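Hi everyone, thanks for coming. Today I'd like to walk you through one structure, looking at how its side chains meet each other. Have a look at it first, and then we'll go through it together.

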Amino acid sequence: MQRIRLRYTKRGRLRFTSHRDFQRAFERALRRAEVPMAYSAGFTPHPKVSYANAAPTGTGSEAEYLEIALTSARDPEQLRTLLDASMPTGLDIVEAVEARTSGLADRLTASEWELRLDGVDPADAGRAVEAFNEAPAVEVQRRTKNGVRTFDARSAVVCLESAQTHGSPADRPSDQPCAILRLVVRHVTPAVRPDDVLSGLRAVADLAPPVPVAVTRLAQGLLDEETGTVTDPLAPDREAVATEPQTAAATAAATAPA
C-alpha cells in the first residue's frame with residue numbers, strides 16, 4: 001500500500017463549498033482518474049481518504065491537506081495532474097508527495113490567514129489591531145448547537161498585524177479604502193477562527209466592516225515559535241523521498257500499468 005499526501009485549494013466562488021461538497025467532488029475525481037484506491041472493510045466500504053482540519057465554509061484557502069491510500073504505487077506528480085484535471089476549477093490539487101513520515105495531522109498546529117476588509121480605512125484597522133494585541137484577553141461569543149459559548153479569542157493569536165495594501169486595480173474592485181490584516185493563530189480547543197478574531201476587533205475597538213470580510217488561509221502547519229511563522233507540513237516527506245529517489249521511482253515504474 002502507498003500513501004499520498006495532497007495539498008489543495010479553495011478559490012473564487014468555490015470557497016463557498018462545504019467540506020461535504022468537496023468530499024463528493026474529490027471522490028468523483030478519484031473514480032474519473034481511475035486511482036487504485038484502498039477501501040475500508042465492512043458492509044459499506046469507503047475509499048481510504050483522511051482529511052485534516054478543513055477550512056470553514058465561505059473562506060478561501062491555499063493550504064488544505066488530505067491523505068489517500070492506494071493499493072499499488074503511482075507517481076505522485078502524475079497522480080496530482082490526473083486528479084486536478086478531474087476537479088472543478090477553484091478546487092485545485094496543487095501538490096502531491098509520497099507519505100514517508102507519520103502524523104500529518106499532528107503537524108497542523110497553526111494557520112496563517114489573510115483578512116481583507118473592504119471599506120475599512122487601514123489606519124482604523126491598525127488602531128483596532130493595536131487595541132486587540134494590547135488586551136490581556138478578548139472574550140467573544142459563538143453560537144453552537146449547544147447554545148451560546150463564550151471564550152477568549154486573544155490567547156490563541158500568535159500574530160495579528162496590518163499588511164501593506166497593494167494598489168493594483170485588479171486587487172481593488174472599487175475606489176473604497178481597503179485594509180489587509182495578517183493573522184497567525186494556534187489550533188486550540190475551542191478553535192479560534194478568523195471570524196472570532198473579527199468579533200474581538202469589534203469588541204475592543206468597535207471595528208465593523210461594512211461588507212463581509214474576505215478570508216483566505218495562506219498556510220497551515222507547525223508553528224515556528226521563534227519566528228512566529230507557519231512551516232510547510234509536507235517538507236519532512238519531501239526530504240525523506242529525496243534521500244531515496246531511485247527506490248521510489250523504481251517502485252512506481254515496476255507497478256505502473258503497461
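Let's begin with two charged residues, D196 and R142, and both of them are buried. What do they do together? D196 and R142 form a salt bridge, with the closest N and O atoms 2.3 Å apart. This pair links distant parts of the chain, since D196 sits in helix α4 (residues 194-205) and R142 in strand β6 (residues 139-144), 54 residues apart. Please keep in mind that what you see is a predicted model.

If you are new to this, here is the general idea: side chains of opposite charge can pair when their charged atoms come close. How many salt bridges does the structure hold? There are 20.

Here is another one to find on your screen. R186 and E225 form a salt bridge, and their closest N and O atoms are 3.1 Å apart. Again the pair links distant parts of the chain: R186 is in strand β9 (residues 178-186), E225 is in the loop between β11 (223-224) and β12 (229-230), and 39 residues separate them. Are these two buried or exposed? R186 has 29% relative accessibility, so it counts as partly exposed. E225 reaches 56%, and the cut-off for exposed is over 50%, so E225 counts as exposed.

A further salt bridge joins the side chains of R100 and E98, at 3.6 Å from N to O. Here E98 is buried, with a relative accessible area of 17%, whereas R100 is partly exposed at 26%. And salt bridges can also join up: R3, R5, E67, R107 and D237 are linked in a network of them.

Now for the aromatic rings. In general, a pair of aromatic rings is described by the distance of the centres and the angle of the planes. How many aromatic pairs does the count come to? Three. In one of them, the rings of F22 and F26 have centres 5.8 Å apart and planes at 10 degrees, so this pair is stacked. F22 and F26 are four residues apart in helix α1 (residues 19-32), which means about one helical turn separates them. Both F22 and F26 are buried.

F22 has another partner, Y51. The centres of their rings are 6.2 Å apart and the planes stand at 85 degrees, so F22 and Y51 are edge-to-face. Because F22 lies in helix α1 and Y51 in strand β2 (residues 49-52), the pair ties together parts that are 29 residues apart in sequence. F22 has a relative accessibility of 3%, so it counts as buried, while Y51 is partly exposed at 22%. Together with Y8 and F26, these two residues form one aromatic cluster.

Last stop, the nonpolar side chains. In soluble globular proteins, nonpolar side chains tend to be buried together. In this model, the largest nonpolar core has 27 residues, and L115, L160, L181, L183 and L201 touch the most other members. Which elements supply at least two residues each to this core? They are β5 (110-118), α3 (122-134), β8 (157-163), β9 and α4.

Terms used:
Residues are numbered from 1 along each chain as its sequence is written. This is a predicted model: local features need pLDDT of at least 70, side-chain atom pairs count only at pLDDT 80 or more; totals for chains, interfaces and linings use all residues. Side-chain values use heavy atoms; hydrogens and water are left out. A salt bridge is a side-chain nitrogen of Lys or Arg within 4 Å of a carboxyl oxygen of Asp or Glu. Buried means under 20% relative accessible area, exposed over 50%, partly exposed in between (1.4 Å probe, protein chains only). Rings of Phe, Tyr and Trp (its six-membered ring) pair if their centres lie within 6.5 Å; planes under 30 degrees apart count as stacked, over 60 as edge-to-face and the rest as tilted. A nonpolar core is a set of buried Ala, Val, Leu, Ile, Met, Phe, Trp, Tyr and Cys residues joined through side-chain atoms within 4.5 Å.
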